[in-house]
Amino acid sequence: MPGIVFPKDFIWGCATASYQIEGAFDEDGKGESIWDRFSHTPGKILNGDNGDVACDHYHRYKEDIALMKEIGIQSYRYSISWPRIFPEGKGQYNEKGLDFYKRLTYELLKNGIKPSVTLYHWDLPQKLQDIGGWANRDVTDYFVEYAGLLFEKLGDVVPYWITQNEPWIVAFLGHMMGVHAPGIKDLKTALEVFHNILLSHGKAVGAYRQLNLPGKIGIAPNFSTKYPASDKKEDIEACELADGVLNKWFIYPVFKGTYPEDVVKFYRDRGAHFDFPPEDMKIIGADIDFLAINYYTSEFVKHHPVNGFVEINNELSQFEKTEMGWIIYPKGLYDLLLRLDNDCNKIDIIISENGAAFDDKIDENGNINDVKRMNYIKEHLIQAHKAIEEGVNLKGYYLWSLMDNFEWSFGYSKKFGIIHVNRENLKRTIKNSGYLYRDIIKNNGL
Ligand SMILES: CO[C@H](O)c1c[n+]2c([nH]1)[C@H](O)[C@@H](O)[C@H](O)[C@H]2CO
């Protein structure tokens, strides 16, 4: 695909998250997180894996930054482990924990890599879960205390801040389906958690603005584009509902100051009424500088007589799928970008996560020719570029992920990295997708 060139100031990045790569789960004063607790609970994680060691990034961060530099990564999105900073979740902060993130951040800057810090990527201090976690409205204020300390200590050198990673996943996988920490299965709790996470985001944005810092702040929801399985009215309505449950449920409160009525009714009909103070919606709707979107796949939807809708990707054999079972549907990224450009007042957008898990093979020379991942990256960048040409203010792309890491309930079985990590000795090996990304960055395009 010759001649795809991105805007000259387009940001090429990669992304990780603290619990998935750092390890050192109880080192230097770090407190327990809900993912430490969850992964130490038998039966929760495939193969009994946990993040105790992970990729040992806590000790190997300089080596990893050198690899980023070799690939030419311009910006690195990493998350900060709240219990490393506040072992009890609040109160006295842990100097050694803060020191790690200072060293990491300054090593990036020394190597010409722009830091992009995610304040919350799921590893809540267990002590806060013990008082109700995100379902406890007080935790939104403890989040502001945590964010405020990091703004104070790193705000003058970190140009990009993301308050929350995927409120919907935290709320619904962690508190309704129970497959993520803390493993709760209750719709009302899930809805309260979702609201409080958005509230914490709005409060943190307000705190950031008060400090007049030079950087930009946003939030990283997960979206996926929904398509009706047929042109039958019932499937089109089912698709609307599925879109509401995932996508509008975020877009409306953050950009329109209200929850979508059709989805509120959907939940009320299932017994989960909830009435939040109207002043919350003003806080949640705080102006942000960019919208960070995590896009991996899309869903085809049909009517379901009881649940209203059902997603049927597993019935669709015509699409190639990743190791996660997600269909590869790059046009879904294009359609999402155009939709968000329209629904979110042409806000600046960055793709904060896009990538794929495949069953990578190492050849006799130790090389990893991960062609499927290379194709996935190219196909999605082609769609991203198309969106830019149609006027979408897409400013950057962060590939998920820098290296193979702890994939939540799947443990280390699913590999998203452009760098392979040997689970025996943690040796890093750049995959061919990493070299492809190096060339894309060098050429600022395909
Ligand atoms: C449907 O995909 C979600 O948007 C999503 C996918 N992913 C994510 N969210 C998380 O932000 C990462 O921590 C995961 O490692 C990554 C890969 O699974």
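1. The structure holds 32 salt bridges. A salt bridge here is a side-chain nitrogen of Lys or Arg within 4 Å of a carboxyl oxygen of Asp or Glu. Side chains of opposite charge can pair when their charged atoms come close.

2. A word on the model. It is predicted, so local features need pLDDT of at least 70 and side-chain atom pairs count only at pLDDT 80 or more, while totals for chains, interfaces and linings use all residues. Residues are numbered from 1 along each chain as its sequence is written, and side-chain values use heavy atoms, with hydrogens and water left out.

3. Asp-99 and Arg-103 form a salt bridge at 2.8 Å, N to O. Both lie in helix 5 (residues 95-110), four residues apart, about one turn of the helix. Helices are DSSP runs (H or I, at least four residues) and strands are too (E, at least two), numbered from the N terminus. Asp-99 is partly exposed, at 34% relative accessible area. Arg-103 is partly exposed as well, at 31%. Buried means under 20% relative accessible area, exposed over 50%, and partly exposed in between (1.4 Å probe, protein chains only).

4. Asp-141 and Lys-203 meet in a salt bridge at 2.9 Å, N to O. The pair links distant parts of the chain: Asp-141 sits in helix 7 (residues 138-154) and Lys-203 in helix 9 (residues 187-210), 62 residues apart. Asp-141 is partly exposed, at 42%.

5. Lys-248 and Glu-240 also pair, at 3.7 Å, N to O. Lys-248 is buried, at 10% relative accessible area. Glu-240 is partly exposed, at 42%.

6. Some salt bridges join into a network. Its members are Asp-360, Asp-370, Arg-373, Asp-404 and Lys-431.

7. Now look at helix packing. Helix 13 (residues 331-343) and helix 14 (residues 371-389) pack at about 25°, with axes 8 Å apart. Axes are lines fitted to C-alpha atoms, for helices over the stretch in contact, and angles run from 0 to 180 degrees between N-to-C directions. The two helices are therefore roughly parallel (under 35 degrees; over 145 is roughly antiparallel, 65 to 115 roughly perpendicular, the rest oblique).

8. Finally, check Ile-312. This residue lies in the loop between strand 9 (308-311) and helix 13. Ile-312 is buried, at 6% relative accessible area. Leaving aside neighbours within four places in sequence, Ile-312 is in contact (heavy atoms within 4.5 Å) with Ala-229, Phe-300 and Lys-302.
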